[in-house]
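Dear colleague,

Please find below the structure that I am handing over to you. My notes on it follow directly after.

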Amino acid sequence: MKVGFLFNHYFTHQIPQAVPFAFELSRKYPKMEVVIACSSEQEMAFVRDIASLYPQHRCEFLLLSVPFYYSLIDPLLSKWVLIRKRLILRNNMDFFKSLDALVSPERNCLQLRTRYGIRDLIMIHTRHGAGDREGGFDHKSGAFDLTLLPGQKYVDRLTELGILHHGRYAVAGWPKFEVIQGLKRKIPRWFNNDRPIVVYNPHFDQRVSSWSTSGLDVLDFFAGCTDYNLIFAPHVVLFKRAKRHGAYLPKKYHTIENIHIDTGSSASSDMTYMLAADIYLGDVSSQVYEFLMKPRPCIFINGHGITWRDNPFYRHWELGQVVCDVQTELGQALGQASVSHPAYLQKQQKAFNYTFHTESNTTAAERGADAIAHFLQNR
């Protein structure tokens, strides 16, 4: 049986959530041919880094191609829309038709069925975020033959919505944590002082993100307040699709000593900033749950006046302070962050354990590989 793992994005942020399943599948099930297919050299480089954690794996690596003409216009067009992902599918149909099953952390690959007519391809989804945002719980979540889930939270939520189907999901855990701990990336020193570090992590979806309503106010606050250091590390798509999401950043912020700006490097996706910060500042990004691998103070910006209490799509806002007006409330919230954190600590630990399943005798990568293999063998 030939199983492909597809990574089809501009950035590397989806890779550690899924590629460990590929390496363990190839190690534990020698009758399965496993091919890891990437759409960029950047993705492939990260895949090869992670491969070092899985000696004796048998995975093959394939760099997918994109039409030459599109590579010329993509730098401009991608500011509005990410068409390249669809062209990757269309331009590599021979590879996809050669597979018995395809595993992917993103949902764009469903077009192989709906647009390109490969009906007999078994499709497996690993998800690539573990947050609460409404966009992660639509009908596409149930369109795959098998879905690997990070924890019980997703079983409960997707079942409530009628999206999850018996026999078509498995709870594996979150292999990204194993990757990060295994690679042991060195955390740089960005600031020449020991002041608290705040990471501001706005989402790209402007319907729920704090960027359009409050982003520049946040940067202005830290520009005028040297009591804290700020890492500005938004979701990588925000500035990649800048025209669509209104992501404009004045040059003046790049020269402020207590502000470090990163709109899309690997540090934005390998938890470098989540591990380095003392305080999390954000809105609906799933990275807050990765930040809580080590519980610390969180502050959330309600930039759209959402009635969020008892709303399951904002459940993570119960894990820290919520501010509505950055200019008048952020300073006080930061000042209270350490003092108020004990009141949220137990909630944070409970939410983390509800989101990410763990077992002492196996890894998430092993459990996911077993689930994939058993599903395919039974089919």
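Of the 39 residues in the largest nonpolar core, which touch the most other members? They are F5, F23, L25, I36, I50, I372 and L376. A nonpolar core is here a set of buried Ala, Val, Leu, Ile, Met, Phe, Trp, Tyr and Cys residues joined through side-chain atoms within 4.5 Å; buried means under 20% relative accessible area, exposed over 50%, and partly exposed in between, with a 1.4 Å probe and protein chains only. Helix α15 (residues 364–378) gives the most to this core, namely 7 residues. Helices (H or I, at least four residues) and strands (E, at least two) are DSSP runs numbered from the N terminus. A second, separate core holds 38 residues, including I197, V288, C298 and Y314.

Before the details, two remarks on the basis of these notes. This is a predicted model, in which local features need pLDDT of at least 70 and side-chain atom pairs count only at pLDDT 80 or more, while totals for chains, interfaces and linings use all residues. Residues are numbered from 1 along each chain as its sequence is written, and side-chain values use heavy atoms, with hydrogens and water left out.

Helix α1 and F23

Helix α1 (residues 19–28) is mostly covered, with 8 of its 10 residues buried. These are V19, P20, F21, A22, F23, E24, L25 and S26. Leaving aside residues up to four places away in sequence, F23 touches I36, V47, I50, A51, Y54, H57, C59 and F61, where contact means heavy atoms within 4.5 Å.

Strands

Strand β4 (residues 101–104) is covered on both faces: A101 and V103 are buried on one side, L102 and S104 on the other. In general, side chains in a regular strand alternate between the two faces of the sheet. Strands count as paired if DSSP finds at least two bridges between them. Strand β1 (residues 2–7) pairs with β4 in the parallel sense over 3 bridges, and F5 has V103 as its bridge partner in β4. With strand β5 (residues 122–125), β4 pairs in the parallel sense over 4 bridges; there, S104 has H125 as its partner.

Strand β12 (residues 298–301) likewise has both faces covered, with C298 and F300 buried on one side and I299 and I301 on the other. Strand β11 (residues 279–282) runs parallel to β12 and is joined to it by 3 bridges, with Y280 opposite C298. A further 3 bridges join β12 to strand β13 (residues 321–323), also in parallel, and I301 has V323 as its bridge partner.

Backbone angles

Most residues other than glycine have a negative phi. K184, however, has a positive phi near 50°. K184 lies in the loop between α8 (175–183) and β8 (197–201) and is exposed, at 69% relative accessibility. M271 also has a positive phi, of about 70°. M271 is found in the loop between β10 (259–261) and α12 (272–276) and is buried, with a relative accessible area of 2%.

Largest cavity

The largest cavity is lined by S141, G142, A143, F144, T147, I163, L164, H165, R168 and Y169. A cavity is a set of points on a 1 Å grid over the protein atoms alone where a 1.4 Å probe fits but cannot get out, and lining residues have an atom within 4 Å of a point.

Yours sincerely

Note on methods. 1 Å grid on protein atoms, 1.4 Å probe; cavity = no way out; pocket = protein on both sides within 12 Å on 5 of 7 lines; lining within 4 Å.
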